[in-house]
Amino acid sequence: MSKAWYALRRTIVPWRFDKLAAELLETLPKIGVDELIVKIDVEEFTHGQPNLQWVEKYCRKLKSFKKKIEDKGIVFSLNPWITVGHNDRGRDGSLNISGLKTLVDQNGTQCKCCACPLSTAWQEHIKKVWTQYAKLKTAVIWIEDDLRTFNHQPVEISCFCSLHLSRFSKRLGQKVTREELVAAITKPGDPHPWRKEYLDMQRDIMLDTVAMIVKDVHDISPETSFGLMSSGPRIHCLEGRDWGKLAEVMSAGPKLISRPPLGSYSEWSLRGLYYSSDSIKLTRHVLPEGTIEQTEVENVPFTQYSKSVNFTFLQLAVSFALGCDGVTMNLFDHCGSLMAEEPHMLSMLGSEKKYLNALAEAAQGTGWQRGVQLLFSSEHSYEKQLNDNDAYAALISEDGILAETFESLGVTTTYSDEKVRATIGQSLRCYSDGEIKKMLSEGLFLDAVAARILFERGFGKHIGLKKIAMPICIDSLEPLAAEEYHNQAFGGEKGKMLTLTIPNLLGRPSYAAAKISPKAKVISDLVDPDAKRKYPAMFAFENSLGGRVVVHLLDWATSCGIAFNHTYRRQQIQNVMQWVSKNALPAVVPGNVFPLIIRRDLEDHSILTVFNLTLDEYSQTEIDINDERKIKDVQILSEAGKWQRNKALTVQLNKNTYNIVYNKLVNYSRPLVIKIKFEKGCF
C-alpha cells in the first residue's frame, strides 16, 4: 500500500466525459495515483445549486466509470463542489430550488445562490442530491469548505437572515434586529454576552447541518467515509466551530479524513510554504487523534503559469515530512482540458513517487511535531476584545504571524505540548489562571499585547512588569530610530541595531511603554537618532515559580514582516528562546536565511527536514537539536528515495545538544531530509 498516497481531484466534464475518462484510466496507474476523487458541478461550469435531474444523469455515467477505475486498483471517491455554495457568480439558486432562502451578511447584503442552511427547501433538495451521490457507494465523499459562515461572495459574514434572527431571538427570549445583533457582536472592549450566544447558535446550526448530510449518505451507504475540507482554524473561529463535536458527527462512518488547506494556490514566493506547514500542524491540533490527513495541494488556475512543478513538489514534500497520510491534488482545470496539456506535472508525480514514499514511510505513524509550542484556542472569537470601529472580521485570530516569523528565523514550532511556549496578541484570554501559571512556571515568550493581558490579570510580578501601557505607534512617543540589541549574555553587542521601519518600508510598529522589575535583564532598547537608549524593548525575567519569561514590548501584529527579519534578529530570537528553554530547544537552524525546519519524533528515530525557502543555495546547513537519547545512526534521503550515510554530514555532541552539519549544497528545489536513529530503550 502506498505511503505517499496520491488522491487526484479531477473534473470529468459531461461533454467530454469519455475522452477524459479514457485518459484517467490510462494515465493514473503510470504516475502512481492511488485514489481518484471526482469533482462534481465545479467552478466555471457549476449550476450553482445543482439541478436534481442533471445530478441523476451524471451519476449514471459515473457508475459505469467507477467499476473501470476500481478494476485498475484505484480507489474511487466523490467531491461535490457545492453544499451551501461558495459564491453566486451570476447564478440564481431559486431556479433549481423553489422557495430557497439564501445567506444574508452583517451589512444586509443577500446572496442569490448560496443557501442558508436553515432553509427547509435547501435541506429537502440537498437530501435528494446527496442520496444520488450515496448510491454510488464511494470510498469517501467530501464536504467542501463552503459549509461555513464566511466568504460566500457577495456576502462577507453570514448569516443574518430572517430565519437566523428568528432563531436567535427565540434563544434570547426577545426580538433582536440584525443591526442590534451586529453592534453587540462587534462591541469594543469586554465581549457582549450576545456574541457568545450567536457563536454558539452558529456552531449548533452547522453541527445539525453536517449531521443531516451524514445521515442522508449513511442511510444508503454506511461504508462511505466522510472527508472535510476546512479553511483554517483561525478563520473558523468566526463561526464558533467546535472541531471535536464536528469530528464526532462526521466520524459516524468508517473514518474521518481531514483536508487542511496549504494555500499558495498561485506561486508568489517560496515563503508560502510557512503557511502550508503551519496549516497542517494547526488543523491537526484541533482534530481528534486518529483523523486521517490528506492535505490540499491546489494550483489555481491549474497551469504552469500559476505554479511551477517544483513548488508543487515542495508542497507534497512538506505534507509527507509532517507525517500526513496523503495529499489531495487539484492540479488540472475544470474546463475539460486533458492532463496531457501539463506533461511536466505528470512527469513529476511519477518520478518523485519513490522519494515521497520513503519520506512518508519514515515520518508517518505515532509521533509528534517538536518545537516551540504556539498557543491556539478555537474560542478565540468568544474572548477577543475589539477596538472602536472594528468589523466582525476582526474576530479572526491574529497570531498566525508568529509561526512564520519564528520559522523564518530558524526556530521550529508546534502546537503539541512543550515546556517552552510563545504567544502574541490576545490568545491568552482563552486560558484559565491555572493554565497560565503552568506556562509561567516553565518558559514563555510574549509580545506587548500578550504581556499586557497577563499584567491586567494580576501576573505582572511573574513576568517582570510593574506597569505597562496600551501599545501605541512609536512615533507618538518621540523620534525613535532603532532597537539596539546590546546584551552580550544573549548574543548582543553595543551598536547592534535593528530598524524600527517595520514591518516594511512604509511601516512603524506599536510599542507599550512599561516599567520593568529591577531584577529583569534588558536585552535591547529603543534608541533615538543619536543612538541614545530611551526605552526598554526586550527583557528577560526569572520568576518565583521557577519559570523564565521574555517580553518584547513591541506589538508583533504591527511589527513582523520582511523588515523585521535580520541576521541580528535571528541571533536575538534564537538566543532568547534558548534561554527561555534552558538550552533545550528541540531544533534550530543557526546560520541560514529563510529555512523551514520540521522535526518529527517517532518511537526510535527522528526525521529532520530542512527546506531552503530562498533562491540562494545553502553552501552549509547547520542544525542544533536537543535530545537526551544516544544517537545510533544518521542517514540522508537521496534523490532516488534511498536512506544512506553521507560523509558530508557530521554530528557533534555538547551536553544534550547535537550539532549537525551538512557540507553540501541545498537549494530550493529539494529539502535536506535526515533520519536520526536512537539507541533502543533510551526513549
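The model is predicted: local features need pLDDT of at least 70, side-chain atom pairs count only at pLDDT 80 or more, and totals for chains, interfaces and linings use all residues. Residues are numbered from 1 along each chain as its sequence is written, and side-chain values use heavy atoms, with hydrogens and water left out.

**Cavities**
- The structure holds four cavities of 30 Å³ or more (on a 1 Å grid over the protein atoms alone, sets of points where a 1.4 Å probe fits but cannot get out).
- The largest cavity contains about 60 Å³ of space (the space filled by probe spheres set on the points, which are joined across faces, edges and corners).
- Its lining (residues with an atom within 4 Å of a point) consists of Arg203, Met206, Leu207, Glu239, Arg241, Asp242 and Leu246.
- Three residues of this lining come from helix H6 (residues 193–218), which gives the most; helices (H or I, at least four residues) and strands (E, at least two) are DSSP runs numbered from the N terminus.
- Three of the lining residues are nonpolar, none is polar and four are charged (Ala, Val, Leu, Ile, Met, Phe, Trp, Tyr, Cys and Pro count as nonpolar, Asp, Glu, Lys and Arg as charged, and the others, Gly among them, as polar).

- The largest pocket holds about 980 Å³ of space (a pocket is an open set with protein on both sides within 12 Å along at least five of seven lines).
- Of the 37 residues that line the largest pocket, Gly290, Thr291, Glu293, Gly323 and Asp325 are the closest to its centre.
- Helix H9 gives the most to this lining, with five residues.
- The lining of the largest pocket comprises 13 nonpolar, 15 polar and nine charged residues.
- The second largest pocket holds about 700 Å³ of space, and of its 32 lining residues the closest to its centre are His86, Asp145, Arg148, Asn151 and Tyr265.
- The lining of the second largest pocket has 14 nonpolar, seven polar and eleven charged residues.

**Sheet**
- Nine strands form an open sheet of mixed pairing, in the order E15-E14-E16-E17-E26-E25-E24-E20-E21 (two strands pair if DSSP finds at least two bridges between them).
- Strand E15 (413–414) and strand E21 (497–499) stand at the edges with a single partner strand each, so one side of each has no neighbour in the sheet.
- Strand E20 (residues 482–485) pairs with E21 in the antiparallel sense over three bridges, and Ala482 stands opposite Thr499 in E21.
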